[in-house]
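Reader: I would like a close look at a single part of this model, taken slowly and with the residues named.

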Amino acid sequence: PQPPQPVFSHELLDQVLRRFVDTEGRVDYLALRDSVKDLERYYLLLATYSPDSHPPLFPTSDHRLAYWINAYNAATLKAVLHHYPIASVMDVETPAPLFFLPQGSGFFALQRLIFGATAINLYDVENDIVRPRFTEPRVHFALNCASAGCPRLPNRAFSAANLDTELER
């Protein structure tokens, strides 16, 4: 994909969220699965560019945090679609030899997703990137794990320009 200029844009994710997420944060996965092109295009951007791989595209801490929140949420959508139909992310099984891993590991720890040409899982995005790099407790209300017990998925992408307002909401 062409590099976003001058900063990384979340417009494609914003379009996906506005179209497939209702005001209660529920995702119409069936419709999204049948019209996944914009989510795939956005994920291709995530896979190619990140604050670590292309720092000039993320000039401020708010740009970097908005990227990681949106990347986590978009990757979660992509991972659910990969396993669709599932009733819960906990339905993604851990391979038998890894029976000792906690429930949810099949979805959060064993799936490798690409961000800025680096493979990482959702657990590590949250616990090795977002939490230690950003001293922002409200991220726990922004990262959506595709479960009814998780924070509501907003029907708009997070942006650097309005990050504080979006996190407060």
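How many residues does helix H6 have, and what does its reach from first C-alpha to last come to beside the span expected at 1.5 Å a residue?

Author: In this predicted model, helix H6 covers residues 122-133, which makes 12 residues, and the distance from its first C-alpha to its last is 15 Å, close to the expected 16 Å. At the start of H6, a side-chain oxygen of Asn121 comes to within 3.1 Å of the backbone nitrogen of Tyr123. Several residues of the helix are buried, namely Leu122, Asp124, Val125, Glu126, Asn127, Ile129 and Val130.

Because Phe8 belongs to the segment before helix H1 (11-20) and Tyr67 to helix H4, the pair ties together parts 59 residues apart in sequence. Tyr67 also pairs edge-to-face with Trp68, at 4.9 Å centre to centre and 90° between the planes; Tyr67 is buried, with a relative accessible area of 0%, and Trp68 is buried as well, at 2%. Phe8, Tyr42, Phe58, Tyr67, Trp68 and Phe115 form one aromatic cluster.

Helix H4 (residues 61-83) also gives the most to the lining of the largest cavity, with 3 residues. That cavity holds about 30 Å³ of space, and its lining divides into 5 nonpolar residues, 3 polar and no charged.

Notes. Residues numbered from 1 in each chain as written. Predicted model: local features only at pLDDT ≥ 70, side-chain atom pairs only at ≥ 80, totals over all residues. Heavy atoms only, no water. Helix = DSSP H or I, 4+ residues; strand = E, 2+ residues; numbered from the N terminus. Expected span 1.5 Å × (residues − 1). Buried < 20%, exposed > 50% of the residue type's maximum accessible area, 1.4 Å probe, protein only. Polar contact = N/O pair within 3.5 Å; in protein donor to acceptor, adjacent residues only side chain to side chain. 1 Å grid on protein atoms, 1.4 Å probe; cavity = no way out; pocket = protein on both sides within 12 Å on 5 of 7 lines; lining within 4 Å. Points joined across faces, edges and corners; volume = space filled by probe spheres on them. Nonpolar A, V, L, I, M, F, W, Y, C, P; charged D, E, K, R; others polar. Phe/Tyr/Trp six-rings, centres within 6.5 Å; stacked < 30°, edge-to-face > 60°.
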